[in-house]
Amino acid sequence: MSDRTFYVTTPIYYVNARPHIGHAYTTIVADVLARRHRLLGEKTYFLTGTDEHGQKIERSAAAAGVAPQTFADQVSRSFEDLWRRMGITHNDFIRTTSSRHKEAVQHLFATLYERGFIELRTYTGQYCVSDEAFVEVGPGESCPECGRITETLSEENFFFKLSAFQRPLIDLIESGQLAITPETRRNEVLSFLKGGLKDLSISRSSFSWGIPVPEPAASAAAQKHVIYVWMDALANYITALGYGSSDDSLFRTFWPANVQLVGKEIIRFHCIYWPAFLLALNPRLQHKSSEEPPVLPAEEHSAWAREWLPKAVTAHGWLLFEESKMSKSRGNIVRTETILDAFGPLCPQPEMESAALGAQHGHDLFASDVLRYFLLREIPFGQDGSFSFDALITRYNADLANGYGNLVSRTLAMIAQYFEGSIPSPSLERNGGQDPARTERRAMAEAIRDDFQAIQERVHPLFGRYAFHEYLLEVMRLISRIDNFLSASAPWKLAKSSDEEDRKDLATSLFVSAQGIRLATAFLHPVLPFATARAWAQLGLGSIEDAAAQGELKLLHWADLKPGTQLGVLGAIFPRANKGLAQKMTDMESPIAPASIVSTPVEPAPAPVAANTAEQAAAQPTAPSSISIDDFAKIEMRVAQIAVAERIPKADKLLRLVVDLGNERRQILSGIAEWYTPEELIGRRIIVITNLAPRKMRGLESYGMLLAASQDGGKPYLATVPDEAPIGSRLK
Ligand code: ME8
């Protein structure tokens, strides 16, 4: 192991709703980086966690009818559970409601107060609850960041003297000491800084769900204050390492972070507030709060920054779904669990992936690889990228099933068949004599060997620059090259020949392909940790984790693949996925309100006035007595026209309907046969809930639910809309 350390962090995610694939994206990138740096032999630490204080969480908990801590516990656990299902290798999971964090944040606040960087003032301004920030707009106007209406807050507040750090921050960013990537984000931060910095309000007294301002500051204020949620949250990156506690050995080993990964919307918090808090900890800046802070020469800040500021903040773009940013407040999220549940069952021999934890975990790890690959291959890191189930399946089939998986399967199957499962001995020689095909395949084999080192020199730096999509594109090029080489060599034909030279070429072609697979597998390991473990074992090379830990994947040498190596147990790696899986995932994306994962008893909601079977009504989750507008927005209701209505044999109560939604037709089964004849229904414009999970009744699938009003078992009256309401339009 080298002396180098590597510390990578993700943002800590709010617990106001369950995780979605946007959160998984950042966490996956951090995991890929952590795995890569571990295999480079660096002592690596990877931190993630949850952000649990603030008004937003307090309100979400109130809407769910539970105490904020209960709410935070439940949602935080859903993040931890998901990362475990996905095989994420974080070293720590920090929660801002943990006592270790709270105490250290109070220590941070008290230190800055003592240094004269925090003082008490009165402030009136517009506050955006969603972003948890004061914004510079007039009363009643909306937030320039997220567009939501702001609230006027007038508070006695503790202020942090952010304005004192404008110059030092500009210098540190311009000199590259605090690296911000990509370039566009760096420019955005610099132009914001150059526009001037106002002091920052860092406490709140209008609500109580936060870390109390500690003494002696607390006694100076008339009211009780909690620490501003962003100061609380940003501090996690050091509180998790033991900053401000009796054991700060991790802090001394790993801080400053090598890279802090964030989504682009929170770059300012990480590149302005966060480094300013850290610069203010410099004891040489101590002053009385009534005085102006001393101006230190740039070298002094630079020396402090070397020890205290993150080396780099890197922002990625947004995952878009249906054209807009995937977010819980917009209600257009895709849950990672959907992908795990849909792709998992495709995993052949899942117990191989997870000998210790069983087949279910194997399913999850397999599916997690699929999502990891897609996100890194599909989206140029730093840019926004669209997510769709169709694109996921297309990419999976093209690159993983038909590409990598197929190459591994066919090569190893031939080695098993023609060489009794033992890696053959090559005879690389250029001279093909009079036979042009032989000359060509020998030249191709030799070129692959000659290029073995150069490919690695070309591909590895792409990873270092976070150009994951180019990196994976290069790996796929390597796979195609080996595929083409195999097709040109046609070992299955050579195997039929008794010619001595053909026998040699048969051995060489399979040996060279095995080398290509070995190289592709080493390249892919940080991105596809589970599939590559399987391929490596099938190649007869044992545990890829061990190889990674011993630094053997850093740079491969041709001579390290020994002829005579006995292959492991063979089996498919990535079977082809059926296109129907996309519809399955779409159907699985039924809304789950945050409240539905809270186990505290809540008032059951009135039964939904829907005209389906009693069984279906009983399956409705109980809801809290009030739901937020965001929760309501998750229910997709559309205008539909009934195109087909018919009775179902031997089912007195059910009708089978086919409804037209404009861009699609759906089958819906509805328990209204006692009250409506099929004839009177055809042509009616009704309202359908379109994003319910499908249900099977009488062997038929139902993809949605009609809205109707009814009283205790009485006739359901179908909710209708005027004929001019466009088919497919959404009810909001
Ligand atoms: O902002 N595309 O938490 P958060 C890509 N608690 N990434 C996305 C995404 C999307 N559509 N949606 C979310 C917070 N993310 C604060 C952070 S850190 C001290 C405090 C990812 O739950 C991305 O990393 O809103 C983004 O920055 C983060 O989740 C925001 O998560």
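**View 1. Pro182 in the loop between β8 and α6.** Pro182 sits in the loop that runs between β8 (179-181) and α6 (183-194); helices (H or I, at least four residues) and strands (E, at least two) are DSSP runs, numbered from the N terminus. Look at the bond to Thr181: the peptide joining Thr181 and Pro182 is cis, with omega about -10 degrees. Please keep in mind that this is a predicted model, where local features need pLDDT of at least 70, side-chain atom pairs count only at pLDDT 80 or more, and totals for chains, interfaces and linings use all residues. Residues are numbered from 1 along each chain as its sequence is written, and side-chain values use heavy atoms, leaving out hydrogens and water.

**View 2. The cis bond between Glu215 and Pro216.** Omega here is about 0 degrees. Pro216 belongs to the loop between β10 (203-204) and α7 (217-220).

View 3. Five of the five residues in β12 (residues 259-263) are buried, meaning under 20% relative accessible area, with exposed over 50% and partly exposed in between (1.4 Å probe, protein chains only). Val259, Leu261 and Gly263 point one way, while Gln260 and Val262 point the other. In a regular strand, side chains alternate between the two faces of the sheet. Strand β1 (residues 5-9) pairs with β12 in the parallel sense over two bridges; to count as paired, two strands need at least two DSSP bridges between them. Here you can find Val8 opposite Val259. β12 also pairs in the parallel sense with β13 (residues 312-316), over four bridges, and Leu261 stands opposite Thr314.
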